[in-house]
Amino acid sequence: MKILVIGPSWVGDMVMSQSLYKAIKANHPDSELHVMAPAWCVTLLERMPEVDKAITMSLGHGDFKLLARRRLGKQLAAEKYDQAIIQPNSMKSALIPWFARIPVRTGWKGEHRFGLLNDLRSNKSAFPLMVEAYLALAYPKAQMKSRADIPAIPRPSLNVDLINQGKALDRLGLDRARPVLVLCPGAEFGPAKRWPEGHYAVVAQKHLDEGWQVWIFGSGKDVPVANTIRDRINPLSRPNCHVLAGKTSLYEAIDLMALASRVIANDSGLMHIAAALNRPLIGVYGSTSPLYTPPLADRVEIVHTDIACRPCFKRTCKFGHLKCLIELMPEQVIKAGRRLEGGESPAQPIVLQVGEPPHFVSDPGKRSEPQ
């Protein structure tokens with residue numbers, strides 16, 4: 001059996017998608033699984049052993065471009081797929097499998113997709129978690145009435161490239177002499193997900209005073225936030241606080257984050273990567289809710305406020321006060337860290353053997369995409 005999945009465009013969603021890919025392989029052990037995704041997500045697919053081939057989506061996020069989708073569908077027709085699973089809800093995401101004339105095209109009802117999908121699912125509300133909605137697509141429609149019908153949620157587990165990890169440490173002048181606190185203070189979704197820089201700085205200083213080092217991750221957009229955190233650190237401690245935002249590819253960020261003794265992250269793609277690496281994790285939630293997109297791992301502490309207006313799922317605060325984040329004090333995160341310390345011994349991420357080539361990607365040059 002040969003299956004094409006049209007994957008999501010957001011990094012966090014792609015990490016959670018691995019649960020779907022694991023379920024597909026469990027249901028069809030001899031199947032060949034291809035996943036199409038934007039270039040910035042291809043690195044993640046490379047770290048998922050369930051994915052036999054990653055196909056870079058050549059169209060930009062949000063581009064309709066009907067003729068280009070038709071050409072791409074015609075090209076994929078030569079692969080003779082038996083089934084397509086379309087994770088996004090948009091009409092345009094369903095066009096390529098339809099143009100490819102894939103016999104079974106599975107997905108949620110979404111946006112005007114009657115006819116484009118012939119294995120149409122309409123009871124999405126019966127699967128409250130995003131990962132549950134993804135997983136339901138791996139099973140026959142008649143079998144999936146509600147979340148109770150899902151046998152289990154296989155957790156994401158990204159591979160680590162030890163050779164690349166060593167090169168990244170050398171390039172950035174990092175070492176492992178002190179335990180590593182990773183901070184992920186950015187969020188592509190918007191400011192209503194970003195815990196204040198001053199709060200991050202308080203928690204970072206606490207760890208530095210206790211003998212830790214701090215690595216701050218993020219994209220180029222997060223450099224000002226990362227620098228603000230570092231600027232608020234005691235000057236005597238700053239040599240042990242490293243701003244990596246904008247300096248690493250997502251490929252490198254995965255391998256370096258695997259060395260974390262603890263991760264503190266907003267609800268973001270990097271939070272889900274930390275969970276998939278099995279790092280002890282504190283997830284900070286503002287406008288969004290862990291009842292929809294929780295990190296899928298064992299050693300996780302979730303912190304949030306309980307003010308009346310959250311979760312609102314807005315990119316920006318409609319009241320302009322951001323109380324859901326400002327009133328979430330550093331001491332709550334510090335206490336969450338103590339609870340993590342009371343758990344079992346630190347979990348270990350999955351690693352590739354030294355010398356083993358990285359998993360397949362269709363376009364290795366895209367590794368340099370900023371996270």
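The sulfur of Cys309 lies 6.1 Å from the closest cysteine sulfur, that of Cys317, which is too far for a bond. A disulfide is counted here when two cysteine sulfur atoms are within 2.5 Å, and the structure holds zero of them. Cys312 is likewise in no disulfide, its nearest cysteine sulfur, in Cys324, being 6.5 Å away. Cys309 is partly exposed, with a relative accessible area of 26%, and Cys312 is partly exposed at 24%. Buried means under 20% relative accessible area, exposed over 50%, and partly exposed in between, with a 1.4 Å probe and protein chains only.

This is a predicted model, in which local features need pLDDT of at least 70 and side-chain atom pairs pLDDT 80 or more, while totals for chains, interfaces and linings use all residues. Residues are numbered from 1 along each chain as its sequence is written, and side-chain values use heavy atoms, without hydrogens and water.

The protein chain has twelve helices and 14 strands, taken as DSSP runs (helices H or I, at least four residues; strands E, at least two). Its radius of gyration is 21 Å, close to the 21 Å from the globule rule for 371 residues, so the chain is as compact as a globular protein of that length. That radius is taken over C-alpha atoms, and the rule is 2.2 Å times the number of residues to the power 0.38. The C-alpha atoms fill a box of roughly 65 × 50 × 40 Å along the principal axes.

Of the 371 residues of the protein chain, 56% count as buried.
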